Amino acid sequence: GAPSRMRFGEAALHHAILALAVLALVAAGLRMASAMSLRGLPRCLAATVFAATAAVLQALALGLAGLGGDTAALALAAAASWLAVRRWLPEPDVTVAEELIDWARGLRPVERALAGGVAGAWAAWAAWLFAYPALGHDMVLYHVPEAIAWVHGGSPGSIEPIVTGLPVGNYPLTHEVLLSWGLALSRGLAWVTLATALAPVLIAAGTWVGLRGLGVGRLHSGLAAG
């Protein structure tokens with residue numbers, strides 16, 4: 001009926017806003033990382049860090065005015081970040097897409113097959129998580145409830161009495177603030193699943209880049225990342 005169509009349309013709009021906000025912050029992060037002369041996987045990792053940091057800081061700053069759970073305020077803040085970075089930093093000489101194409105062309109057939117298999121396996125696992133979320137005990141117990149409380153209260157980072165007798169509100173809360181940022185924009189739980197699916201990728205990529213930067217061989221770095 002009409003109410004169902006309205007709910008679907010509203011949900012689609014909010015998730016589109018989330019996607020645009022993520023793209024804005026990631027694009028700003030990529031330009032910042034490029035300005036630091038980073039290339040390849042280190043540039044992507046740095047851009048992710050910059051984007052997540054911006055999201056958390058914006059949620060906390062808006063939370064001081066009780067707007068940390070406001071969709072419009074968070075979306076405008078993300079757009080403003082992109083516009084500011086675009087205004088003050090130059091365009092990168094080489095885009096991520098161009099780097100990716102050059103990297104793929106330099107791979108041997110077996111390496112391409114391996115890379116494609118890993119990417120496909122991750123995509124299948126991520127799709128499985130959307131259908132059958134596997135968030136874990138602590139995530140369900142207090143990580144997500146804390147983020148949801150901030151969305152409704154508008155003050156990310158504030159101490160919420162989620163679990164009686166256990167001061168989870170005094171734990172480090174950066175991850176939860178990032179969750180609340182995405183939840184406030186999307187008004188749905190898809191962001192939680194996406195963040196969960198991306199975490200192993202970031203950990204593995206960070207391990208590879210860190211060890212390779214220290215001069216560790218490809219085989220040992222790959223095994224450690226795996």
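Reader: Which residues does Leu 74 touch, not counting residues up to four places away in sequence?
Author: The model is predicted. Leu 74 is one of the H3 residues that meet H7. With residues up to four places away in sequence left out, Leu 74 touches Gln 58, Ala 59, Leu 62, Gly 68, Trp 181, Ala 184 and Leu 185.

Reader: Are H3 and H7 roughly parallel or roughly perpendicular to each other?
Author: Helix H3 spans residues 71-88, and helix H7 spans residues 174-186. Their axes come within 8 Å and cross at roughly 115°. Angles of 65 to 115 degrees count as roughly perpendicular. H3 and H7 are therefore roughly perpendicular.

Reader: Is the crossing of H3 and H7 left-handed or right-handed, and which residues meet there?
Author: The crossing of H3 and H7 is left-handed. From H7 come Trp 181, Ala 184 and Leu 185. By class, the contact has five nonpolar, one polar and no charged residues. The H3 residues that meet H7 are Thr 71, Leu 74 and Ala 75.

Reader: Are H6 and H7 roughly perpendicular or oblique to each other?
Author: The axes of H6 and H7 lie 8 Å apart, and the helices pack at an angle of about 55°. The roughly perpendicular range is 65 to 115 degrees, and the roughly parallel one is under 35. H6 and H7 are therefore oblique.

Reader: How do the residues in the contact of H6 with H7 divide by class?
Author: The crossing of H6 and H7 is right-handed. H6 brings Met 139, Tyr 142, His 143, Glu 146, Ala 147, Ile 148, Trp 150 and Val 151. H7 brings His 175, Glu 176, Val 177, Leu 179, Ser 180, Leu 183 and Ala 184. The division is ten nonpolar, three polar and two charged.

Reader: Where is Ser 37 found, and what is its phi?
Author: Most residues other than glycine have a negative phi. Ser 37 has a positive value. This residue is exposed, with a relative accessible area of 62%. Ser 37 is found in the loop between H1 and H2, and its phi is near 65°.

Reader: What is the phi of Arg 187, and where is its place?
Author: Arg 187 is partly exposed, with a relative accessible area of 43%. Its place is in the loop between H7 and H8.

Reader: What separates the C-alpha atoms of Arg 87 and Val 140?
Author: Arg 87 is found in H3. Arg 87 is exposed, with a relative accessible area of 57%. Arg 87 and Val 140 are 53 residues apart along the chain, and the separation of their C-alpha atoms is 41 Å.

How values were computed. Residues numbered from 1 in each chain as written. Predicted model: local features only at pLDDT ≥ 70, side-chain atom pairs only at ≥ 80, totals over all residues. Heavy atoms only, no water. Axes fitted to C-alpha atoms, helices over the stretch in contact; angles between N-to-C directions. Helix = DSSP H or I, 4+ residues; strand = E, 2+ residues; numbered from the N terminus. Parallel < 35°, antiparallel > 145°, perpendicular 65-115°, else oblique. Left-handed = near helix turned anticlockwise from the far one by under 90°. Contact = heavy atoms within 4.5 Å. Nonpolar A, V, L, I, M, F, W, Y, C, P; charged D, E, K, R; others polar. Buried < 20%, exposed > 50% of the residue type's maximum accessible area, 1.4 Å probe, protein only.
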